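Please walk me through this structure. I am new to it.

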Amino acid sequence: MTVTRQQVIDMVGQTDDECLVEILETGATSAELAEAWRWIGGDRRTLGDNQPLRPAIVEELFDILSTEDPEWDEV
């Protein structure tokens with residue numbers, strides 16, 4: 001099931017509409033968004049191998065989220 005607008009806000013906080021739309025357009029699941037959000041914090045593959053993730057979607061989410069705040073690139 002794809003992530004909802006409210007799930008995005010609950011996970012990453014308030015964000016601008018453009019970023020929110022970009023995230024929703026990926027068709028990502030909440031697990032994929034959670035994984036990308038953890039990547040922002042420097043963790044990789046934090047979910048178990050039994051959790052189905054599409055790496056390209058997680059990477060796309062990471063790119064969207066990391067361009068939202070330029071300081072994240074410095075972490």
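**The negative patch and its surroundings**

Author: Helix α2 gives the most to the negative patch, with 4 residues. The model is predicted: local features need pLDDT of at least 70, side-chain atom pairs count only at pLDDT 80 or more, and totals for chains, interfaces and linings use all residues. Residues are numbered from 1 along each chain as its sequence is written, and side-chain values use heavy atoms, with hydrogens and water left out.

Reader: Is E22 buried, partly exposed or exposed?

Author: E22 sits in helix α2. Buried means under 20% relative accessible area, exposed over 50%, and partly exposed in between (1.4 Å probe, protein chains only). E22 has 32% relative accessibility, so E22 counts as partly exposed.

Reader: How many helices and strands are in the protein chain?

Author: Helices (H or I, at least four residues) and strands (E, at least two) are DSSP runs, numbered from the N terminus. Along the sequence the pattern is α-α-α-α. The protein chain has 4 helices and 0 strands.

Reader: What percentage of the 75 residues is buried?

Author: The same cut-off for buried applies to the whole protein chain. Of its 75 residues, the buried share is 35%.
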